[in-house]
Amino acid sequence: MYRIQQIKLRPDEPENRLKDKILKKLGRHDILITELRIVRKSIDARNRDDIVYVYTVDFEAVYKKRPRELARLKCGAKGGLEIAPDVTYRTAEPGNGVMSGRPVIAGFGPCGMFAALILAEAGYRPIVTERGKDADSRAEDVETFWETGVLNPESNVQFGEGGAGTFSDGKLTTGIKDVRIRKVLEELVEAGAPEDIMYLAKPHIGTDILRTVVKNIRKKIIRLGGEVRFETRLAGFETEGGRLAAVKTAGPGGEEEIQTSELVLAIGHSARDTFEMLKTSGISMTRKPFSIGVRIEHPQSLIDMAQYGRLSRGYADHYGSADGLPPADYKLSYRTERGRGVYTFCMCPGGKVVMAASEAGGVVTNGMSESRRDSGTANSALLVDVRPEDFDSDDVLAGVEFQRKWERAAFRNAGYSENRAPKTTWKEFRAGSESAEAVTESLPDFAVECIREAMPELGKKLKGFDSDEAVMTAVESRSSSPVRIERNEEMESSTGGIRPCGEGAGYAGGIVSAACDGIKAAEKIIKKYRRP
């Protein structure tokens, strides 16, 4: 197949015109395009009077006069033609080692889920332990929490099937370049995600569809010989000669010891009790920078006008239809005079702010949107860099305590309820009004100062971002893990056979990068051991 870039369509042009556009760009009238696959689709809104979709496309062609003969085209010629790369994922070849028992995976978020899937596909019959509940039961617990304030510390926005990403926007954008990304996207589509995630520049699934997707991936793992145990927490492990010998779990049936020589540690960034257990067990960890701030909300129409110069019709019909552009998003950053970074993160067009606590006595906020992104409100985290020197001690888990300190402050300032959060407007926050104290007292002083300095500058980058009516909700504290669990080139921790990976271990920052890290861990196991 051939690949060609910079094929452009107006929003009102159907995608079946891509073939004509390609032939025109190539200046060829003697060939017919027989097969076409969209590789990438993005929006170019730099000229608001001429907003276009920009495509990268793979295709095959035949000669008009010899339709059974594949056309041979000259690469590098007019149109910037190239040979399409082979992006097929190939499983690692099994090694010769003998594994004790079956591989165990702690955590069933994106990292653990894809580690389990790859191992299951290769015939290694993994055992997955997930402290939270299955997606359906978890959804009931989350809805109960949002409606009544009754928090289940083991089944919430952070813990359960699919991990924290299940109750978010399901964004699949990533800064990494990895051959495994396509494998991740293909599996998500097979499990029920929309096919356009394969090529959209900023793909997303949506919380409503994600719940079905994660269930279907779980069913596939089980069908291939794997096992998923919900409400089962990693409680510890046994070692022999500096290597893993057994994993201890605590579940509905009590405590159990599973003999194994391989544990994929995919615990997520909020498993604070597990961090404590690892520290006590002597697993080497280091403190890690993260961020803290607020959720900021605007009318979606304001963001659309700022980005497009017109209102989006959103997802009234499928993305890219003649009915209009998708709800606009943004990504902003600013460096303060003292050198701290302020930036937006996890932006949710057409979404809502949700409460996301996993511990009693703390308030945590997050953003969520469903597949249609049609709430009419845009929200994003507005975060400030937190550095290890900001912590109150040199303890390896001082970052956890820093997060907890401000989550508890937000809990007090919200009236002692985990499902309510301090809220104010930018106008009140800027002025230091008494009505904003519940928010400003839920943040460290440096974060308040940095946000006040940054907002006018961010408003210059995105018109209206610093509007007086922008709503700020505290506290956003779980954007990334506060620790990094050290690992070597084989992805093993200071105890052999334990492979920390994903967001919780400090090696990923989103659904796709976490999933890819889980795949890498599975590949290490496959390369070392023969199939059970």
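These legends go with a set of close-up views of a predicted model. Local features are taken where pLDDT is at least 70, and side-chain atom pairs count at pLDDT 80 or more, while totals for chains, interfaces and linings use all residues. Residues are numbered from 1 along each chain as its sequence is written, and side-chain values use heavy atoms, with hydrogens and water left out.

**View 1. E121 and K183 pair up in a salt bridge.** A salt bridge here is a side-chain nitrogen of Lys or Arg within 4 Å of a carboxyl oxygen of Asp or Glu, and the structure holds 49 of them. For E121 and K183 the N to O distance is 3.1 Å. The pair links distant parts of the chain, 62 residues apart: E121 sits in helix α2 (residues 110-121) and K183 in helix α4 (residues 181-190). Helices (H or I, at least four residues) and strands (E, at least two) are DSSP runs, numbered from the N terminus. E121 is partly exposed at 30% relative accessible area, whereas K183 is buried at 9%. Buried means under 20% relative accessible area, exposed over 50%, and partly exposed in between (1.4 Å probe, protein chains only).

**View 2. E187 reaches K220 in another salt bridge.** The closest N and O atoms are 2.9 Å apart. E187 belongs to helix α4 and K220 to helix α5 (residues 207-223), so this pair ties together parts that are 33 residues apart in sequence. Both ends are buried: E187 has a relative accessible area of 6%, and K220 has 12%.

View 3. D169 bridges to K171, with 3.7 Å between the closest N and O atoms. Both D169 and K171 are buried. For the network, look for R272, E359, E401, R404, E407 and R478, which are linked by salt bridges.

**View 4. Helices α2 and α5 pack with their axes 9 Å apart.** The angle between them is about 30 degrees; axes are lines fitted to C-alpha atoms, for helices over the stretch in contact, and angles run from 0 to 180 degrees between N-to-C directions. α2 and α5 are therefore roughly parallel to each other (under 35 degrees counts as roughly parallel). On the α2 side, the contact is made by M113, F114, A116, L117, A120 and E121. Contact means heavy atoms within 4.5 Å.

**View 5. The largest nonpolar core has 132 residues.** A nonpolar core is a set of buried Ala, Val, Leu, Ile, Met, Phe, Trp, Tyr and Cys residues joined through side-chain atoms within 4.5 Å. F59, W146, L188, L382, L443, F465 and M472 have the most contacts inside it. Helix α12 (residues 511-528) gives the largest share of this core, 10 residues. Leaving aside neighbours within four places in sequence, L443 is in contact with I292, G293, V294, W406, F429, V448, I451 and V475. Another core, of 24 residues, lies apart from the largest one, and I127, L234, V247 and L265 are among its members.

**View 6. T91 sits in the loop between β4 (82-83) and β5 (104-106).** T91 is partly exposed, at 36% relative accessibility. Not counting residues up to four places away in sequence, T91 touches A122 and I526. T91 and A522 are 431 residues apart in sequence, yet 9.7 Å apart in space, C-alpha to C-alpha.

Conventions
Angles under 35 degrees count as roughly parallel, over 145 as roughly antiparallel, 65 to 115 as roughly perpendicular and the rest as oblique.
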